Amino acid sequence: MSQAQKALKKTNKRGNGNSAARGAQQSRAVVKTYRNFIGGKWVASASGETFENKNPADTRDVVGRFPLSMAEDVERAIDAAANAARGWRSMPAPRRAEILFRLGEILIRRKEQYAQEMTREMGKVLKETGGDVQEAIDCTYFTAGEGRRLHGYTTPAEMPDKFAMCVRQPVGLCGLITPWNFPMAIPSWKLIPALVCGNTVVLKPAEDTPLSSFNLVEACEEASIPAGVVNLVTGYGEAGASLTNHKDVRLISFTGSTETGRIVASTCADRNAICSLEMGGKNVIVVHEDAEVDLAVEGAVWGAFGTSGQRCTASSRLVVHKKIYKQFVKKLVERARSLRVGNGADAQVEMGPVINADAVHKIMGYIEVGQREDKAKLACGGNRLTTGEHAHGYFIEPTVFTDVAPDMRIAQEEIFGPVTAVIPFDTLDEAIEIANGVRYGLSASVYTKDVNLAFHAMNEMYTGIVYINSPTIGAEVHLPFGGTKATGNGHREAGTQVLDVFSEWKSVYVDYSSKLQRAQIDSIEPQ
Ligand code: UN1
């Protein structure tokens with residue numbers, strides 16, 4: 001790592017099978033150098049400097065070298081996006097959408113390759129990286145379909161011979177800052193709606209996973225999205241900050257930590273830019289006494305340890321009725337202990353590494369905090385795995401704390417790792433109070449067979465997403481995604497709701513009476 005890289009602060013958060021190990025060995029021989037995509041051309045950073053993208057399952061494996069972009073690179077990308085704006089916004093939305101459908105086809109064809117490359121740069125198991133690419137495909141198809149809708153509405157005007165309607169217009173130049181945990185899905189959630197609405201973009205992906213964004217942008221080029229409409233700059237916080245600060249960037253869409261999101265929000269407030277934020281979570285599964293325990297355990301394991309717990313939606317709190325508590329904990333711990341941890345490229349592996357050394361430090365720090373606070377019990381896990389097949393990666397055991405008090409730090413703060421806290425409860429209202437008793441409000445789940453309780457809980461959970469009888473992860477792209485409180489700033493991604501982020505409303509009044517009609521003043525007498 002160069003000195004310049006070390007000086008930069010990061011902004012974004014977020015059984016080694018033999019074949020996987022061999023892959024790592026082979027790929028060490030040739031390390032490809034990638035480029036930024038600016039104004040339709042693949043270019044090196046202005047300084048010529050690069051940074052390394054390493055495999056978190058085996059850090060000897062360098063996935064690629066990527067441009068270390070600074071303010072100058074971002075400036076060039078913004079210029080390119082500004083120059084392309086007029087042409088793109090004046091292309092009819094259904095035509096823009098046709099190009100995006102072509103992009104969807106390319107993503108389908110390359111799904112397997114993208115998934116493998118994503119596992120190599122990010123660590124999650126192949127099934128999950130396949131799901132990540134699939135989410136980008138789903139988003140592309142669903143949102144491209146909106147190109148033929150983008151509805152506004154007409155409404156009667158107050159005056160005779162006057163027509164009133166509202167239509168959408170693009171917001172302008174969009175800066176997209178994306179995290180490493182869903183390296184293709186999340187960029188697509190922002191990119192595709194931005195494009196269908198007629199905006200041009202500069203994408204700055206997380207420094208840990210630039211390859212998946214490279215793949216997405218390369219596919220955009222292949223789909224013949226015009227030069228300058230989509231621009232990619234890779235790098236660290238410097239690049240993200242330059243994008244956020246730039247006067248010509250009308251909108252910043254950011255997914256990452258609540259702390260960085262707050263800085264993005266205040267920077268945008270200073271220059272009256274629009275900003276859409278998707279940040280942390282401390283999601284909960286409530287398991288009621290009548291729940292099917294095996295199903296709830298299976299859901300909890302997937303929700304807590306899928307993606308090594310590195311989802312904003314991860315089930316990091318399990319609030320369990322006292323009547324079934326013992327049984328639930330016993331089964332949960334058995335399952336957590338049996339999970340196979342290793343290189344996600346190995347089909348037998350169930351949980352991959354965490355993303356980087358900082359993540360290990362943070363997660364292990366929380367495990368220590370949990371152990372120090374004597375209210376809770378470490379029921380399983382708690383260790384970093386450092387020997388044998390785990391010697392060169394960032395592996396942490398699936399970790400379960402039981403008898404956790406709702407006010408403990410491990411039950412309040414986002415850990416973003418394979419750690420979950422089990423909390424006992426007596427009544428559903430108590431469980432709902434615990435569920436809502438955190439600063440975040442992304443996702444909540446209830447396991448119960450009682451439809452009345454399910455609807456009551458659904459109504460009372462103050463989150464952006466609620467699941468009944470399934471865990472807190474697994475949102476689908478045609479429904480709005482986002483959360484309340486410290487999770488967001490009121491916006492939603494996905495669904496048709498995301499169109500309200502990437503377009504602005506224009507109200508249009510057409511007076512064909514040939515006289516001045518003063519709204520709210522000239523009275524209309526009934527004939
Ligand atoms: C995230 O962790 O930021 O609902 C996104 C889910 C995924 C998306 C997670 N579809 O778990």
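Predicted model: local features only at pLDDT ≥ 70, side-chain atom pairs only at ≥ 80, totals over all residues.
Q: Which residues have the most contacts inside the largest nonpolar core?
A: In soluble globular proteins, nonpolar side chains tend to be buried together. In this structure the largest nonpolar core holds 101 residues, and Leu191, Leu195, Val230, Val286, Val404 and Phe502 have the most contacts inside it. Helix H7, residues 185–196, gives the most to this core, namely eight residues. At least three residues come from each of domain 1 (3–8 + 23–279 + 492–505) and domain 2 (284–468).

Q: What does Val404 touch, leaving aside residues up to four places away in sequence?
A: With those neighbours not counted, Val404 touches Ala376, Ile410, Ala411, Ala421, Val422, Ile423 and Pro424. There is also a second, separate core of 30 residues, which includes Ala296, Ala304, Phe305 and Tyr325.

Q: Is Thr244 buried or exposed?
A: Thr244 is buried because its relative accessible area is 4%, and a residue counts as buried under 20%. Thr244 lies in helix H9, residues 237–245. A polar atom of the Thr244 side chain lies 2.7 Å from the backbone oxygen of Gly240. Not counting residues up to four places away in sequence, Thr244 touches Ile177, Ile252, Val264, Thr267, Cys268 and Arg271.

Q: In what order do the seven strands of the open sheet stand?
A: Strands of a sheet pair through backbone hydrogen bonds, either parallel or antiparallel. Here the order is E14-E17-E18-E13-E12-E20-E21, with mixed pairing. Strand E14 (377–380) and strand E21 (465–468) are the edge strands, each pairing on one side only. The twist from one strand to the next averages 20°.

Q: How many bridges join strand E20 to E21?
A: Four bridges join strand E20, residues 443–447, to E21, and the two run parallel. Ala444 stands opposite Val466 in E21.

Methods: Residues numbered from 1 in each chain as written. Heavy atoms only, no water. Core = buried A, V, L, I, M, F, W, Y, C linked by side-chain atoms within 4.5 Å. Buried < 20%, exposed > 50% of the residue type's maximum accessible area, 1.4 Å probe, protein only. Domains from an automatic or database assignment. Contact = heavy atoms within 4.5 Å. Polar contact = N/O pair within 3.5 Å; in protein donor to acceptor, adjacent residues only side chain to side chain. Pairing = 2+ DSSP bridges. Axes fitted to C-alpha atoms, helices over the stretch in contact; angles between N-to-C directions.
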